[in-house]
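User: Please take a close look at the salt bridges of this model and walk me through them, with the meaning of each term as you go.

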Amino acid sequence: MRLLNRVSQWLDARLQLREPVTKVLEHPIPRKSASWFYVFGSAALTIFMLQVVTGVLLALLYVPSAADAWNGLQSMNHQVAAGWFIRALHGWGSNFMLAVVVIHMVQVFLFGAYKFPRELTWILGVFLLLVTLGMAFTGQVLRFDQDAYWGLGIGASISSRIPGVGGALVKLLLGGPIIAGATLSRFFALHVFVVPGLLIGFVALHLLLVIKLGINDWPMPGRVVRRSTYLQEYKELTHRDGMPFVPAGVGKDIIFSGAILLAIVACAFFLGPFGPGGQPDPTIIQTAPRPDFFFLWLYALLSFLPPAYETPFLLIGPAIGLIVLLVLPFVAGEGEKSWKRRPIAVLMVMLLAGVFGSLTQLGLHTPWSPVMDAWSGEPIPANFLVHRTPLERQGALVFQAKQCHTCHALEDRGGQRGPPLDAVAVRLTPDQLIRQVIQGGGNMPAYGKSLSPAETTALVAFMGTLHPPGQAPARDASQTVLYGKEP
Amino acid sequence: MRLEVTKRSGNVRLLLLGLALVLAGCERGRAPGQPSEKVEVADPRQVVDFATLYATNCAGCHGVRGEGGASIGLASRGYLAVAPDAAIREAISRGRPRTAMPAFGRSAGGLLSDAQVDALVKGIRAWAPDGLETSPDAPSYLATGPGDPARGEHVFREQCGSCHRPDGRGQASVGSIVDGAYLDLVTDQYLRTTIIAGREDLGSPGWRGVIGKPLSAQDVSDTVAWLAAQRQQIPGQPYPAARLTVNKP
């Protein structure tokens, strides 16, 4: 014990850190700010440290080569003792970190913490969000399975649209025009050196600012921020009603960070690691890749945008979003902090949450995406085949062979990109059915050239049977007049 | 103080519950999250499991387990008794051009390897019930020579007319099998297969017939020839008027 004391005294005589560190730890914070709402920043930091530790362990085993990465992860899952658990911790840690960072940001926004004098803290926070997203994206690529391929493809296609530098940027990212061995080494370097370097730098500055400027006071409706008086008011507040950060203020942070760590461990333990999914082989075309959770909204957005709007949306949208976030503390640097007096801010958060939430929901269910093997794997329900003529049965086969089933469901099986056709005959007459198939329209391909007249006839005969037993199919009265009976 | 105690025991109970959960999760010393070999996503090109191959590639048209689909039920006794393996393999890998049956073999632009096609042929064959044998009297699966449509008309009238009507246009619950569009969408081999194997599921009897006189190989060829002769030059015209104006060359 005495030896330890002497060593630490010897060190401190040289480093002279004890005093500043103690000062930092004991810096006064407003009593009300030691709240359960103010724990997300420290939780993000805790998860980041978990990511560093697990990341280092993974880097020891990871082989950043296109040929071996996938197999390497397989053997990490199966052969290396607890390898799967470390992968799972790192993967879940990443999801939790993004979630906590986003929650932290929303909280900071709603509590007006970005206002004077904490503008720079906020701006660094925005960069931290970007960098964290960057970590999530590059990390997903390192998994190097089909989903990674897909994510990269999207990333590359977005970058390639930037006017002027697009092509060069893609080359820089992928190490060539296509995804190959060089791509993986690049993303390894990005994920392990470049982006974490930035992240650590930003975190350090962000923390420095938090300590220098003091933690945000609890927003009181009516307590307005003014550049001329705020600093003085804050000082008085911490004097009048403050307490030292350590030990009084840090308790909730520790409890919450601990709970989050436990949650990550539980997820890792019970739900296991992410992937790797199917092999990253572009020649395998029977796949339905899907990006990680945090990029699902983008996936949904891309699927819904008409092609002409994609470029403006993808390039201008994020740029505008970023600019709004960056100038926010300057245009709204003063005024009310309490969300109770900032209805627009609350509405904005709700709107954004709604938009991202529903896009993610759509991304999870992918109703727009064709069910690629429904044509060959999803039988026509049996009761659509009883008491049918040979021609109508051929129509059912055309329905399968021409992939109608991949977009149209029958009895809820099959794709949902187009409307279900269970009762289409009630809605459309044979002529309208022919028109729809030949000319397509509204996101349905026109089949005109790829259906022979016989196939069309059979198809329409089959679709004409798609009506509930008690309900007559739609028909065109003029034809009854012309031909005496239905053709 | 009392409050404190109950809170403690509550915590302990929670902890025990958690432990029990964890232990329940780790059956056979395995954490629930630990990936098992099975979870692994297999390369679809390596799959040779018949059930998987059939369910993803064939069930859509030939029905779940080879029954109740829109096309030939590959599991039906009638079919398995006449179709040789080589013909099944050929149909799978080359497909039937101009019909809904796609070519699945790699050599013909499909996605299935030879090993996978073999697995399918074996699996389909394994559907045959024990003791199913090809009768020596059964007409051959493949036609041995050209058929005579005029004779075919007679055979059809005699053997099939009771159900299909003598002209093949059918009646109340039996649809037309001489419809131009229908005949345009099926091959002669399909007609031959259907006539020999019958369609148990639909009620078409097969080569043994219903009049106590089985069809010979030649009878089948002739019937197919007659049916083929009913094909139209320009099939699938939606309106009767259009059908009438077709000029026969």
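Analyst: The side chains of Arg151(B) and Asp222(B) form a salt bridge, with 2.2 Å from N to O; the term stands for a side-chain nitrogen of Lys or Arg within 4 Å of a carboxyl oxygen of Asp or Glu. This pair joins distant parts of the chain, since Arg151(B) lies in helix α7 (residues 149-164) of chain B and Asp222(B) in helix α10 (residues 217-229) of chain B, 71 residues apart. Helices here are DSSP runs (H or I, at least four residues), numbered from the N terminus. Asp222(B) is buried at 0% relative accessibility, whereas Arg151(B), at 35%, is partly exposed; buried means under 20% relative accessible area, exposed over 50%, and partly exposed in between, with a 1.4 Å probe and protein chains only.

This is a predicted model, in which local features need pLDDT of at least 70 and side-chain atom pairs count only at pLDDT 80 or more, while totals for chains, interfaces and linings use all residues. Residues are numbered from 1 along each chain as its sequence is written, chains are lettered from A and ligands numbered from 1 in the order in which they are written, and side-chain values use heavy atoms, leaving out hydrogens and water.

Helix α7 of chain B also holds Glu153(B) and Arg157(B), which are about one helical turn apart because four residues separate them. Their closest N and O atoms are 3.3 Å apart in a salt bridge, and Glu153(B) is partly exposed at 32%, as is Arg157(B) at 45%.

In chain A, Asp217(A), Arg223(A) and Lys337(A) are linked in a network of salt bridges. Over all chains, the count comes to 18 salt bridges.

Methods: Helices (H or I, at least four residues) and strands (E, at least two) are DSSP runs, numbered from the N terminus.
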